[in-house]
Structure formats: C-alpha cells, structure tokens
Amino acid sequence: MCKQFLLFSQSYQCVNTIMDYQFKDIEKKWQQFWADNHTFKAENTSDKPKYYVLDMFPYPSGAGLHVGHPLGYIASDIFARYKRLKGFNVLHPMGYDSFGLPAEQYAIQTGQHPSVTTEANIATYRRQLDQIGFSFDWSREVRTSSPDYYKWTQWIFMQLFNSWYNKDADKAEGIDKLVAHFESNGSAGINAACDDEILSFTADEWKAMTNQQQQEELLKYRLTYLRESTVNWCAALGTVLANDEVKDGFSERGGYPVEQKKMMQWSMRITAYAQRLLTGLDTIDWPEPLKEMQRNWIGKSVGASVKFPIYGAAGAGVSEGTLATGTETPAPYIEVFTTRVDTIFGVSFLVIAPEHELVSQLTTPEQKDAIEAYITQTKKKSELDRMADTKTVSGAFTGSYVTNPLNGEMVQIWIADYVLAGYGTGAVMAVPSGDQRDYLFAKHFNLPIIPIIDIQKIDTEADPTKEGKYINSNFINGLEYKEATAAVVAKLEELGLGKAKVNFRMRDAIFGRQRYWGEPVPVYFKANIPRLIEESDLPLLLPDIDKYLPTETGEPPLGRASDWKHPKGEYELSTMPGWAGSSWYWYRYMDAHNDQEFASKDAIEYWKDVDLYIGGSEHATGHLLYSRFWNKFLKDIGKVVEEEPFKKLINQGMIQGRSNFVYRLIDAEGKGTNTFVSHGLIKDYETSPIHVDVNIVENEVLNLNKFKEWRPDFKDAEFILENGKYICGVEIEKMSKRYYNVVNPDDLAQRYGADTLRMYEMFLGPLEQSKPWNTNGIEGVFKFLRKFWKLFHDADFNFTVSDAEPSKAELKALHKIIQKVEQDIERFSFNTSVSSFMIAVNELTDLKCNKRAILQDLVIILEPYAPHICEELWVLLGNEAGTLSYASYPKFNPAYLVEDSFNYPVSINGKMKTTISLPLTLEQKEVEEAVLASADVQKYLDGKTPKKLIVVKGRIVNIVV
RNA sequence: GCUCAGAUGGUGGAACUGGUAGACACGCAGGACUUAAAAUCCUGUUCCCGUAAACGGAGUGCGGGUUCGAUUCCCGCUCUGAGUACCA
C-alpha cells in the first residue's frame, strides 16, 4: 500500500520494496497462463492411474459466493493438485446446477427470462472462482439448464420409464422383457417392485386387453410412473415439494405453509432400490453420521405382517356380527405390520389410523358419532400440533372387533392419530405390556394389559424386553425370543394369516414440479396414457412463455406455451424437480461434449467413479440418495460400471457469520441518540445494539472514520471509548446480508491475494468442522507467504539462491515437512499442514537457507496450497513455465530425521519435572541408571528411594515415589 | 424423546496407536528502528501464589474409575450444535 507512495518519496526504500512479494501481478499472470495453456485439461486416456476429485456443483444464486462457499473447493483443489504431483491423471471439473426456484421467482417479479439471470449469475460465479486459482478443467463445464445437458436428463427419464424392477434378478430390466413374459405366461411368476393394486391375469387375458388397458397395467411397473399421490403442496410457491424440502409443515425455501393434497404425479420408484441403497452404504467411505442419516431415511424394519380376521366379516371364517352397512364387499381382514410378532399373545386391542380406508366399514351405528367427532378433531389439528403433542392420549372405539389369528380372542378395533396412515399398513396390533404408547393408551381407556414375559416389569410403564421366557402365550410359553419369533411366524404362515416381512420407511420420490424453470418431461398424453416422445426428438426444449405463473385454469406455467404440442397429443406440463439434473452430472464431466451418448463407454470405463467428493451434509437425504439411486439404475441397464458413484465423501463444515455490534445510547425519552458506547462500558448506560458492517471492524475495534462514512445518518456520530478504542460486540449468526456479516472472497483476494485466502481458509480449522468466519488472523498467513518469498531473495529483494550442498539441519527441516504434509493431506487435515509450512519456513529462515536443493522441493509441496507464488518461484528457479503442476512430489527420506540422542522428559508420579538428554542407543537398563545418577533427578527425589521406574525407550521416564 | 458430533488459554486451533498439554497463528504487553505513524524485527504471554528470578500449586465442560502415566480408554452427568421425530 505504501509502495507507490515510497516510489516517489524515498528512493532508497523504493528499491528495497519494489521486488517484495507482488501477489497481484503474480496471481493475474499465472491465472492467465493456466487458462491460455489449458494446464489442467484432463485426458480421457493415460498411462497414469486415474483420480476423480469432485465438488458439489453450485446453484448460481444472485448473491454470488461468500467466503464459506470456496472452503470445500479449496480443499478439493489442494487434493487434486497434490494427486497430480503424485503422478495421477486427475479429473477435477466444475459446473452449475442452473435450474432452480430462485431464478424463476425473480422472473415472476421482473418478467426477465430465467435463462438471462442464470447466465449473469454464472458469469459472476466464474469470475469469483477464477480469482481463487482453482485447477478446474473448464473444458468440461456442465450446466444442467443447457439443452445439450438436459437432453440426457430426459433420456435417462425415458430409460426409467422403459424399465421395471425384477426382484428375483434384483435389478432393473427392460419393460419389453416384462411384456414378453405377460404374453407367454401372464402375470404369474413375476416378482416386481410395483404398485399395490396390480391385476393378475393369464397370457390370453393379457392379449385380450386393449392397448389402453395394457398400458395402464404397465404403468404400475415402470420405474418412473404416474400415480395419484398425496403430495406436499405449497400454494405460495405454486408447486409440489419433496419430503426433504419440507420442514415442520413449512417449505424449506421461503418458509411458506405446506398442505397435503392429492394430485396426479410423476414418481420415481426409488423404493425398489431401498435394500441396495442400504447395503451399499457399507461399501463406501463416507462420514458415519451421513450414512446414519441415510439409514434412518431408508428406515428398514424387519418384522412380520399379520392378518387379523374382522369379526363377522364375510370370508373371515365367522358369520355373525353387527357390522356397519358396507356398500362394497367388506374386507375380511385388517393387516398390520409389527416388529415384535412374538408379542402377539399380548395384543389387547388394535389401532388403525383415522384415515384408514376401513374406518367407515368398521364403525358401528352406535359408535358413529364418536368416530366422526374424533376424525373431525384430528383433521383440525395441523401437522405441527400433531407432532408437537405426543403426550395427550386420544382415540375412539369403532365398535367392531377382530379376532386374534393365533388364539381366536376378540380384540377391539380403535382409531387413534398416533397411528400413521402412511407407514406400514396404517394399522398396528397394540401390545400395552411391551409398547409405551400402547401402554398409555390402554391405561387411558381402561383396556387390558397382558404381561407376556416372565421378567417383565409393567407396574408403571411398558417393558419392551426381549429377555426372559414367555408366559400367557399359548404354544410359545417357556420359549425365548428367537425361537418364539420363528415359531409364531411359522404358525402364521401355515394358517395363511401372516408372513415375515421387511418394511421401509422411505417412500417413492415425487418427480414433478408445477414450475417453469426445469427440464420438460419428454412425455405426451394420448387417451390419458403417457407416452414417450421419440428419442430422436430429444431434447424436448423448454418453450418460451409470456408469464412465469400458473394458467388461469390452475395448470403449470408450461400450459401458457402456445404452439407447444406433440403431433399425437398433449405434452406433460410439469417439469422435473431440482434434483434431476444433479443425479448424474458427474458422468457428463467424463465426456462433456458427447452428442451421441450422455458419456461414452470408453470414458466411463476409464474414469469409473468419483474417488473423492466434497460437499455439505445438507444433501444427505436428497441429492446423495437420488444420485446413488440413478447410478444403480444406470448400472443395471449396463451404462455405467460401478454400483456406487462416490467412493469417498467428505463434508465440509458450514461457515457461519460472525456479526459485530455497536451500542447506541438511548436518551431519557427512550429515543436513540447519535452517541455510541464501546462494548466494555454498556452496562453503565442505556443502549440498544445495532449490527455494524464486519468489514469496517478489525479485531473487534471499530474503524471510526469508516463507520461515519458507512451510513449517512452516522456522519456525525460520537463515541464513548474505552482505552481510546471503540470495541464492538460479537455474536454468531447465519452469514447474511441483513446482518452485515457477509465477508466476500473478492475483497480478501484483492487485499491479500488468492494464495493467502486459500491458505487462510484451510488454516481456520478442521475442514469438517462448522465454524464462524473470522478474518482475524489472515495477516499471519500473509506474513508467512512473504517470509517464504524472502527465503529466495536477499535483503534487497534480488532473487538469490545458492547451489551449495544443504546442511544436515536444512535437510531435516525439509524432510520433516515432506513427511508431515503428506500425512496431513492423506487424512484431509489441511489446517495442520499450513501450520507445518509455517514451522518449516521459520526454521529455514533461522538457518538462513537459500539453497536450491531445499527450496525447489519446498516449492513443489507448497504448490497445492499456494499455487501462484509457487509457479513464480519455480520459474525463477530456472524451470519451464507451467511444468510445476506436473512435477514429481519429493520423496521422503527418513534417514534425515534420525536422531542420535533424545531429550527424555522425566516425570515423578506422572508430573513432568525435568528433562535429560541421553543417547538413543542406550537400552532401558542403561537409561534407568543414567536417570538415577543424574544430580537433577536426585534433587527431586530428595533422598527417597523410587518405588518403581518406568522407562519407555525414546519416549519418557516416569519415577514412582 | 431418539441418533450422531462436539466442549482444550483472551481468540482460531495443535497434541496421529495413552507418554513433555497449549504447537502454529491471531490478539495483547514490552522493546528496537522512526521526528512520528505504518511496515518490519526482537522478547514475553494457561491460570493462581510469589515475584527480579529460580521455584511451588492448579489445570483440557463436571463427578468418578482403570493406569506408573488420561485431552486420549471406561462409567455417570451438564451444556452446545446437527439430523430425526408418535415408524408399530
């Protein structure tokens, strides 16, 4: 900053500083060089082993990048650069997830086409990314909203439509194979993941169906299919949301209320893959919490389904009874799912969800009023209340009974809202002795509680134990858990009233959005049957429309597109959800410009999968689950080679904002004055806190002049200072414009340079840990880089390196850092390697080392962290420009670290007292003698004889007195 | 409620399989250079007692335990953050 000034005033200092570390020139020069020479272009054929480093690509929002975004990108870039130096052919691409709601919301407000704002936002992102010096191969950039790209998203959709899941083969197969089976064998022998209400038919019956009927039936098997589903409808956003986009009954984006609504919807049969998605988790190197989240989301429970015959229902084996007048043939059974089928003799009532389809059939005339009142009451309760209020017991008796299939006892049927219609069969067998909710329910309504295990303690609460022997349990009395469960299942199977069953919590994923800015679904409707467009007609382009709003008749915005019609029918009007384009993008990077396939077979067989994936854990149950699903499907149809797409995954922690406050003095009338009180003094005054821009605060000290300039109303501000300074208050909040706590990487790159920014972001702490951003301390990293630069220069900043043989101490410093950084990088501990670099440079500075033999290797190992300064020094050292990125990583030689003596810490009773330097050649016995002989130690022993002496060679000595 | 992660100086953090707690940096204090400031360099900096210093005591959220030795392992608890939520 002072340099230009000095240039004119003091020529002596000017010469001194002119060649000082000029990060601006250096960084601009090398960024240009890399771009011009395509330094980081990856080849799809190579003798080197491959390594694929991927970042979760960003949605290009209007706000641009803040300082938290690049954290993961910097880490992955360091890793990618490191792998190049280690001799790998590295694929390290970047792109944009450019379909999405904000651009559309903006379009609704301004009328501007989302593609225009998207384009502008991408340009900003690119500029911001470029100035940090990433080694991305930009020739492979993808944008999910580009027709060349979404052509293949649509193509994958078509493959899903043309596939069904064969449970016997445990993989997806072509729908034509299913049709062939129907033609020759009918529906017999098909074990498919499909809708519940499939028909069973013979081959002849199939052939006799009209095409319309056949298509309707096939739709029940396709991996993407239409079905009337209850969806999360958000009226304010005008769209349907996925479960993971809804939080506590409100939309995650915008926080608008979300209601349940029935709608014809495209769905993805992800449940077909539930088991494979679960087992696959054991084969991948992901953070355990993230795997756990996916496991919970998939929600596998192993148990049994049991049919309870409805007492008096036709076909249930009992003829009498007083059932409500059902119009249809009454159902003979209620089916429940249970994970504790061994407790079946403890069943004292049955509970079904208020929304259960049999409720009206089961309600007796006497109970009609009670049941209807209860249903009305439940409906009134919002989703939120129902979740919050888990303590109050409520329910109503239907008046009907089932019989226990194993002992024929009459069991009351109740409805209660603690049973959810959407899980299992929407009905549970209640065992109050073993389940706390059933227990409370039984107590509340005075229903029997039957102990079923000898050691059960059920005086005050349910006891879900599996220990002990069964009692009151018919043929399993005296048995233990395992054998009892097996016996009950066997008996139920024999009776045809139950079987072992696995249940998943995960639901099929809804795949339609009533929105404009997304991929059009490549489908048209003919006689209400969805049909795919021709593959040769892909991509089905997103048409222009006049307004980005639903039509008057409530159809999605695409309903406004005129002349947008398939020759044979009407196009689907909903578009694909945000996760469509991101569920396969890592394959497009492998072969980004292919117009014949989404990526060539060769490219996919070469790159295979992502070796390292870095991104936030907020995508745990969305993107990361859908991507695994699509990947498995693509593997089933032979298009990709790996079962799991992301071998290793790392979550970078969230960067929170760190807000600063000033405290405005309040006058007697309670009005804010123009005087501000320093934080340490606010207890003596009446003040109110005001957010202040963190960029005019340094180490909590407010820059008073900048504060006066910051907002016009603070122009004449006065201050009550402490120790001559105004100290600000601090609080951790979300990083957001409205808290004035956003730190922009552009500002830091301007002020300190990209290399400093990169290293500082890593220096901040462990990558995976969430932490508030704090710019305090960036000076330390900046100083380090200047010190590093000085190693190569004399006092007048002339480049000076010596070809002299390095000393033992210099070699030791070098090899210590080689070893340390390599270990750190392999375990993604980037913060500690930055510290180690500082130590190494401090040591070499103390040794006044300017030897090429040391410094050149140091340049190579620092390159992944601070690539610009290293490139510059690499060339100054006489190497060819641009060859640094592919130089070979220095080999660690442990011989240089060998010591011949060790400074033994001597503890007495575990407390470190003194140290003794002894040769490492000494054996345990000799160390003991040397320690006891030492005058220093004798002083501490104070004449006492040690009880015990512990010597760990090369580590420690501990004397027990 | 359940699951997971975490708690170390004024601050960010380090200590990798139990072995010198506080590396590295920020901040702060003192000093050098300077008319002065900035920049740079040097010294100190866990706390307490004492204090010129040696030295002594305490100390990794809290309470126990195992061990010659525990930030690290075990048991119980408190707090913070994330995920999930009547899942039968």
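Five nonpolar, two polar and one charged residue make up the lining of the largest cavity. The model in which this lining is found is a predicted one. The residues concerned are L71, E761, M762, G765, P766, L767, F830 and N831. Two elements, α24 (754–763) and α27 (830–846), each give two or more residues to the lining of the largest cavity. The space within this cavity is about 30 Å³, and the count of cavities of 30 Å³ or more comes to one. Rolling a probe the size of a water molecule over the atoms shows where empty space is left.

**Helix contacts**

Two packed helices are described by the angle between their axes and the distance between the axes. The table sets out two such pairs.

| Helix pair | Distance between axes | Crossing angle |
|---|---|---|
| α26 (residues 808–826) and α27 | within 9 Å | roughly 175 degrees |
| α3 (residues 23–37) and α29 (residues 867–876) | within 9 Å | roughly 85 degrees |

How do the axes of α26 and α27 cross? They cross at roughly 175 degrees, which makes α26 roughly antiparallel to α27. On the α26 side, the contact is made by E810, A813, K816, I817, K820, V821, D824 and I825. On the α27 side, it is made by F830, T832, S833, S836, F837, A840, E843 and L844. By class, the contact of α26 with α27 comprises eight nonpolar, three polar and five charged residues. F830 of α27 takes part in this contact and is also one of the residues that line the largest cavity.

For the other pair, the axes cross at roughly 85 degrees, and α3 and α29 are therefore roughly perpendicular to each other. Here I26, E27, K29, W30, Q31 and W34 of α3 meet P867, H868, I869, E871, E872 and V875 of α29. The residues of this contact divide into six nonpolar, two polar and four charged.

**Sheets**

Strands of a sheet pair through backbone hydrogen bonds, either parallel or antiparallel. One open sheet consists of four strands in the order β2-β1-β22-β23, and its pairing is parallel. Its edge strands, β2 (89–91) and β23 (646–651), each pair on one side only. From one strand to the next, the twist of this sheet averages 20 degrees. Strand β22 (residues 610–615) runs parallel to β23 and is joined to it by five bridges. Within this pair, I614 stands opposite I650 in β23. Helix α4 (residues 70–85) packs on the sheet and touches β1 (50–55), β2 and β22. The direction of α4 makes about 170 degrees with that of β1.

Five bridges connect β34 with strand β35 (residues 956–960), and the two strands pair in the antiparallel sense. In β35, I959 is the residue opposite L949.

**A hairpin and local backbone features**

Strands β3 (residues 163–166) and β4 (residues 171–174) pair in the antiparallel sense over four bridges. S163 has G174 as its bridge partner in β4. Four residues lie between the strands of this hairpin, in which D170 takes a positive phi near 55 degrees.

Which value does phi of Y740 take? It is near 55 degrees, a positive value in a residue other than glycine. Y740 is located in the loop between β30 (729–733) and α23 (745–752).

The peptide bond from L538 to P539 is cis, and its omega is near -5 degrees. P539 belongs to the loop between β20 (529–532) and β21 (570–571).

Key: Residues are numbered from 1 along each chain as its sequence is written. Chains are lettered from A and ligands numbered from 1 in the order in which they are written. This is a predicted model: local features need pLDDT of at least 70, side-chain atom pairs count only at pLDDT 80 or more; totals for chains, interfaces and linings use all residues. Side-chain values use heavy atoms; hydrogens and water are left out. Two strands pair if DSSP finds at least two bridges between them. On a 1 Å grid over the protein atoms alone, a cavity is a set of points where a 1.4 Å probe fits but cannot get out, and a pocket is an open set with protein on both sides within 12 Å along at least five of seven lines; lining residues have an atom within 4 Å of a point. Grid points are joined across faces, edges and corners, and a volume is the space filled by probe spheres set on the points. Ala, Val, Leu, Ile, Met, Phe, Trp, Tyr, Cys and Pro count as nonpolar, Asp, Glu, Lys and Arg as charged, and the others, Gly among them, as polar. Axes are lines fitted to C-alpha atoms, for helices over the stretch in contact, and angles run from 0 to 180 degrees between N-to-C directions. Angles under 35 degrees count as roughly parallel, over 145 as roughly antiparallel, 65 to 115 as roughly perpendicular and the rest as oblique. Contact means heavy atoms within 4.5 Å.
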